[in-house]
Structure formats: C-alpha cells, structure tokens
Protein chains: 2
Amino acid sequence: MLNEILDNISRPSDKFLQLAKNRTDNLLMPHKAMGRLHDISEKLCAIYETLKPEIKNAAVFVMAGDHGVVEEGVSPFPQEVTGLMFNAFLNDMATVSVLGKREGIKIILTDVGSKYEIENLDGVKNEFLSKKVVKGTKNFTKEPAMTRQQAVECVEAGIDVTLKYIKENQLDIVLTGEMGIGNTTPSAAIGAVITGNSVEMMTGKGAGLTAEGVLKKIEVIKKGLKLHNPKPDDALDVLAKVGGAEIGAIAGTILAAAYSKIPVIIDGFISTAGALVAYKLNPIVKDYIFAGHCSEEPGHIKMLEYLGLEPILNLKMRLGEGSGAVLALPIIKQAANLISNVFTFEEAGIPK
Amino acid sequence: MLNEILDNISRPSDKFLQLAKNRTDNLLMPHKAMGRLHDISEKLCAIYETLKPEIKNAAVFVMAGDHGVVEEGVSPFPQEVTGLMFNAFLNDMATVSVLGKREGIKIILTDVGSKYEIENLDGVKNEFLSKKVVKGTKNFTKEPAMTRQQAVECVEAGIDVTLKYIKENQLDIVLTGEMGIGNTTPSAAIGAVITGNSVEMMTGKGAGLTAEGVLKKIEVIKKGLKLHNPKPDDALDVLAKVGGAEIGAIAGTILAAAYSKIPVIIDGFISTAGALVAYKLNPIVKDYIFAGHCSEEPGHIKMLEYLGLEPILNLKMRLGEGSGAVLALPIIKQAANLISNVFTFEEAGIPK
C-alpha cells in the first residue's frame, strides 16, 4: 500500500504557479508588497490548480507514541504522561485542542505507538483512533526501536487515518501534530542521520532538560547511531532503527496530503522529523508542505534548511502537539484570500 | 481635549500581570513552551484586568492623508493615488479590506489630510468619515508640513473617531492602518528625530524607489530637518514640522486605546511613526501596544527597538494599510484563548 501511494504523488501545477505569479505582479499594491504571503498564495494556487484558492476544512492529526529510550533519562517527564495527556487532548484541556477549537479545526488523536491503553472514551470531545503498531518503541541504545515492517505499518497507519478523514470531511488542508514523551530524542537522531548535521547541532533541551541532561541525551543518541548505523538514504531504515511510531505516522499524513493534492502544515521539531522521512520516501512532498513555525529546539531550523522550507512563524515555541501548525493556519488562509480577492490595478481601474 | 486624554491614561494592572505569570507557570505543558505567546497572554491579562481575556470586537482605523513633499520625487506613485485608493478601500478591492473582511473586522477609513475630495459614497461597503484637517500637508523642504495647531487637531481627530467606534461597537481591541502616497518620507523623518538614528538608517525604498531614488529621499529628509530643526522631546513639534495628518491621527488612535484600557495592534512603518508620537506624548501607551509585524522598510525595526516592542510576524511585508495588524490579530486572539482555556496541571489532574 505504501508503494502505491509513493508512486502516485505528482507535482503541483507549474502552469498555475506561473499564472499566480503573474496575478501577484499586478495586484493593487506596490510590487509584491505583501512579501512572503505572496509565496504562500502562489504555492496554494499551484497545489489546488486554481487562481481562487479557498481553505474551508482543516484537521490536525495528532499522532501519539512513546519511546523505550526514555529509560535512559532523556526526558524530564515519565513515559506514562503520554497516556495521561490522551485524556487532556480528548477533553479540550490541552493546548492544541484549545487552539484548534477556536480555529474551527477537527482534532484527530491516533494512538500509533503508546505503551498506554486508553480506558474511557465516554463523552470525549475529539476523535480518537487506535492504530497501535507498537506498545512503545524499544530502547534504541540496546536494540532497534522497531522492525522495518513495523516502521512501514506506522507510515501506513498515518496514511490510512489521513486519507479517511480527507475523504469523509472534504478536508482541503491537513495539519500535523504529535504527543510522545521522549520524542525529541528519536527526532534529533533522524535529523542527524538525514540532514548530515552533527548530533550536537540537532539536540536540544526538549521538554526541559538541564544542560547536563542535554549532554547525556547527545551521548544516548550517539550510542544508538553507532550501534545501528542507519542508512541516510533509506528513510524506513532510519525510522525503524532510531525513530518512533508517531514520527512514521506523521510521515504518512504528509504523504497522504501530497497524494490527495492538498497542502499540509507541519508543526515543529518532531513533525519535521516526520517530514524528513516523507521527503526521503518521495521528495515531491516538499511542494505540498508549509512549515508552520520555527521551534526553539535548535535542530529544527537545520531540518527546515535541509528541506528548503522557511517557517511562517517564529515565536520561540517548543510545545509540539500541532500548536504551531494551528497558529499558522489563519496566515495561510489569508494568503489564499489575498490572491483570490484583492483586485488587480486593472480590475480596480487605477493606473499602475 | 488632547490634554484631558493624556492626563487620564493609566498603567495596566501589575496585579493581573503577576497573576497571569503565575498561571502561565502552571499550564499543562513544559514550562512556558508556547514562548512569546505567553508574553502576549500576560500583557492582555494586565490590560483587561482578568485571567480570562477574550477578544471579540475589533476594528481597523485606516487614516488617510497625503504629502506635499511628494513634489520632490520621493514616491513612485502620484499624490492623486491616495484618493483613487479611497474607492478601493471602501469597496473591498484593497488588501486591508479583503483581509479584514475574512477576519470579521470593521474597516473605518478616515480622511484626515488628503488633497482629494471623495465624490461618491453610494453603496460603499465600509465606513468613511471626513475629519479633514489639511488638504495635503505642505512640502516640508520649503515650509512646515502643518502648523502646531493643525498637528493637535490631527491627533484629536484620531482620538475622536476611535473613541466613538470603541463606544458604539464595544470594541475590545483596535488596529491601526493608513493610506497616503509619500508617507514613508515623513515617517522616516519622525523616526530619525525621535529615535536619534541617522536619516540614512531610517530611510528605505517605500512603495518602490530605486537605489538612486532612496538617496534623493534621504537628501529631501535631511533638508527638511535642517530647515526646521524639530525638537525630539516635543512630539507635536516633530509632527507639525515634518510629519503628516494621518500619522497624527494614528497617534490619536493609540492614545484613545490606552485611555479606554484596550490593546492596540500597530501595523508597519507609518503606524509605528504614529506610535513614536503617541509614546512621546505619554510613554504609558507602550504597555497597550502590540507590534503586528516587522516591515521590510529598514527603519521600522529601529523604531520598534526604541519602543521596546518585539514584532509578532516577520513576513517581509511593506504594504501598510493595516495589513500587518490584521494578520497578527488571530495570533493575539489565540494568546487570549491560551491563558483563558488551557488547563493547569492541577486542573487536569496530571502530576507536574
């Protein structure tokens, strides 16, 4: 199934990109005075193959999983918190739920790899799906995080869930998010392998490590990479050996968006690790991705540079969940509105 | 009337600022993981004196005026375009109208100093008010742009219009915007005088000057400053000698917001020149201001640094009209939502 998707992702329209650039050049304003908003408008036109893009239905896919490597002391929170947060996401207590609700976005929480089993779904306010591939990954300092087959299943779980909701809800844009105690560690590992930057450059304090904790985390990642030697050009090898279930599912969401010819807003560090995996599986996905924000996690900007993506917001955030993608959505909606509805000089009857 | 307003602006609440900081510290996330969004939340709490801020009714005040100094060749557009754009603003053809409509914001266009007389208001889609103080400013390379009395009247016009709409529409936030061919020139002049930066540092290409045009613009500004020698600590002197009617009215909007104890989002370079004038009249206004974005006009960041304000967006825009303020509004609304509705660890029953 993964190969079927990978083989059927095609480039956005060059023709509509060019038409959009022409329209931008003639909008009723000093030339390109809305700066980066024009780039966003034009990318949307190319993706949707229209000069009147309009974004109506969005959903954020929050992929959950946790990480055996947490036993090495790489997170200030215990692994169980992944499970406790399920309740918070589903009942509008957590940030992405609260921000998403205001923006009118559906929140879909999918358990792809948590140790935890959710017990009570009575009366929850958001969608929950179980697509559990692993009950937490293995500690990658001792054995591979997952098998290659499990890695494929995680990506496929993300594709499945995303395609289902795109179809059922006529989504015209999707957002990525995640929850997983410890997941900056596999993300930094994936980032180091795929971008070629050093582990030191890719590793930060995550949910709040001390400087000493960060040094420990760097050693843990180096140990895993030395033990498994994942191949940079084989994304599934990297994902299996030092990755995580939710990171694979995020890659799946991105592939599903590109396959469906709709844009995807990626959130921060972990989501961008997912984007690296998706990009290595099919580089065309890049043309469907908007980077919602730049995280405080120092490796994030390195990942974005590797992908050639410029973040929309830069508010020193480092939460994840999808919070940065949700915050960027209104900017992207306005970029669609700009090219669709601002008049050209000619349409307004004003000499240029 | 101006003095009455200036004497009745009081500081936001230190008590609520502190209470808000305490709540931020306990929100269900790694400590302060939403970065600058927390600063915005806390400032809103201090202004509104609540821990549950909610922004419902916004309006953007687009102040219009034009500039005799345009005859010195400081703009690529002729002065008449200010008037032609009135029609575009009022009939949802222009950027701020299009963006504002999507965001559900009232657009109020006020003519404070245009040469042009609007002829036809039949069926227009936005509000128009005439509060004309001057029919275009004078060319400040030859005489003062306005008299001191006219400068006061421009600020008062801005206060008047803004207070009226705050009251009639229960506005809980106001946004600044403007239209005026040539108005980066007086803004750069005000910026140089008030911040103490050189004219060279404060001057950019505006609506699209060539490099040669920018050099000419610098000479024009220097000539005006040498001729009039405006006093940096006397904002009305600066506004009268080298300013503009719409810049004075923007200062009025900012003063009216602070007087009414509601926040104001300032737009780009020209709006921030207005903020410099308001700040010099009463420095407390700074605690009510959010800087919507950082303009490509190079002097803008220098003005913001002088005011101690950090821009929310940085999208390389340089349009004005209020476009950057409108784009920043959803971020500020989400900052209010964040502190109002995300649970604390204790409220969610999750150990911290």
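Reader: What makes A:R11 count as exposed?

Author: In this predicted model, A:R11 has 52% relative accessibility. The cut-offs are under 20% relative accessible area for buried, over 50% for exposed and in between for partly exposed (1.4 Å probe, protein chains only). A:R11 therefore counts as exposed.

Reader: What makes A:D287 partly exposed?

Author: A:D287 has 23% relative accessibility, and it therefore counts as partly exposed.

Reader: How do you know that B:D111 and B:K132 form a salt bridge?

Author: Their closest N and O atoms are 2.7 Å apart. B:D111 counts as buried because its relative accessibility is 2%, whereas B:K132, at 24%, is partly exposed.

Reader: Why is A:K241 called buried?

Author: Its relative accessible area is 19%, so A:K241 is buried. Its salt-bridge partner is A:D237, with the closest N and O atoms 3.0 Å apart. A:D237 is also buried, at 8%.

Reader: On what basis are these residues numbered and these values computed?

Author: Residues are numbered from 1 along each chain as its sequence is written, and chains are lettered from A in the order in which they are written. Side-chain values use heavy atoms, without hydrogens and water, and side-chain atom pairs count only at pLDDT 80 or more.

How values were computed:
This is a predicted model: local features need pLDDT of at least 70, side-chain atom pairs count only at pLDDT 80 or more; totals for chains, interfaces and linings use all residues. A salt bridge is a side-chain nitrogen of Lys or Arg within 4 Å of a carboxyl oxygen of Asp or Glu.
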